[in-house]
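Please walk through the helix packing in this model. Start with the terms, then follow the helices.

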Amino acid sequence: MEMQATDLIARARAGDHDAFRDLVQGHSHELQVHCYRILGSLQDAEDALQETLVSAWRNLGEFGQRSTLRTWLYQIATNRCLDMLRANSRRPRIAPTLPEATLPEPTGAGDAPPWLEPYPDVLLDHLVDQRPGPQTRYETTEAISLAFITALQLLPPRQRAALVLRDVLGYHAAEVAQMLGTTQEAVNSALKRARATVDNHLADDGSTGSRSGGSSGTGSRRPARQPDTAAEHRLVARLTDALERADLDALIDLLVTDVRLSMPPAMLEYRGIESAQRLFAAVVFRPGCTYRVIPTRANGQPAFGLYLADPHTGVYRAYTLLVITTAGDHITAITGFHNTNVMTRFGLPRTLPETE
């Protein structure tokens with residue numbers, strides 16, 4: 001393998017585009033996930049990946065093999081993401097698209113950033129067999145969860161990059177310092193602050209809630225979520241049934257007491273069953289609204305494409321994508337993305353026929 005990589009590098013340096021493609025194709029998917037963690041947006045991550053590969057092609061002559069090709073690519077991708085975060089144009093100031101309904105008073109300002117997007121599980125297949133190394137702090141499923149991605153967006157860019165490189169990918173502090181062009185002391189200082197912010201957010205994101213509203217407390221290590229279990233399948237079926245029957249009581253029965261609801265790009269949060277009941281009554285279960293549901297998965301979590309019946313055409317139109325966080329047989333958080341473009345990224349159609 002090493003001789004093959006050396007040959008591909010030599011051919012790529014000589015201008016062989018096919019050799020370069022073969023050289024980097026095994027890293028492209030994980031690099032895109034890396035960019036997504038830092039940027040919080042699938043569209044931005046795709047742009048960052050393309051710019052990373054262009055930069056790698058142009059600068060392949062500078063790769064002296066003092067590090068692995070993978071590390072060199074991660075260094076380019078990380079710094080490209082930091083450049084994008086510094087660019088004001090990366091975060092366009094657009095009015096949020098909200099459901100066509102009067103929203104009830106929120107319980108507070110949400111911390112999910114306006115640019116947050118879910119990540120389709122079909123693009124995560126390559127991560128399934130990856131085991132976190134001894135230098136990592138977060139399990140693979142946790143490190144792609146919507147709560148973790150949201151927590152990362154609360155950090156200053158360099159803290160964000162340091163935490164992902166160190167605690168998700170498992171690079172040593174000295175390697176992270178080299179990749180970011182700083183000192184090991186600066187990396188350790190940034191990590192200390194970043195870990196406190198992320199751990200506090202994860203302790204409060206609802207994923208540790210119970211039917212009585214308890215939580216594990218800041219600083220305690222939560223058990224890793226076990227996705228795609230029989231309990232999760234039952235919960236998905238019950239939620240699908242409640243949505244399609246417009247049964248608000250059945251839906252509320254699935255929620256923990258301190259359930260957390262948000263809907264990027266609106267910086268709003270609804271916390272607790274009473275707030276959830278008001279929100280679903282105002283936005284989803286309005287008089288005359290009927291739905292069809294297509295289950296999917298996002299960020300290692302159950303998700304649902306929700307389609308609203310159009311009484312004038314006899315079809316169901318894409319309405320919103322719901323991503324849920326579960327604990328046992330209950331839902332601890334729901335994030336709604338009221339953007340049909342997001343749904344198409346999951347391979348979901350824009351319309352469904354009235355009957356199958």
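The axes are lines fitted to C-alpha atoms over the stretch in contact, and angles run from 0 to 180 degrees between N-to-C directions. Helices are DSSP runs (H or I, at least four residues), strands likewise (E, at least two), numbered from the N terminus.

This is a predicted model, where local features need pLDDT of at least 70 and side-chain atom pairs count only at pLDDT 80 or more. Residues are numbered from 1 along each chain, and side-chain values use heavy atoms, without hydrogens or water.

Take helix α4 (residues 69-86) and helix α7 (residues 173-180). They pack at about 55°, with axes 9 Å apart. The two are therefore oblique to each other. Contact (heavy atoms within 4.5 Å) involves Thr71, Tyr74, Gln75, Thr78, Asn79 and Leu82 of α4, and Gln178, Met179 and Leu180 of α7.

Now turn to helix α5 (residues 146-153). Eight of its eight residues are buried, so α5 is largely enclosed by the rest of the structure. Buried means under 20% relative accessible area, with a 1.4 Å probe and protein chains only. The cover over these residues includes helices α2, α6 and α8 and strands β4, β5 and β6.

One of these covering elements is α6 (157-168). α5 and α6 pack at an angle of about 140°, their axes 9 Å apart. That angle makes α5 oblique to α6. Phe148, Leu152 and Gln153 of α5 meet Arg160, Leu163, Val164 and Val168 of α6.

Terms used
Buried < 20%, exposed > 50% of the residue type's maximum accessible area, 1.4 Å probe, protein only. Parallel < 35°, antiparallel > 145°, perpendicular 65-115°, else oblique.
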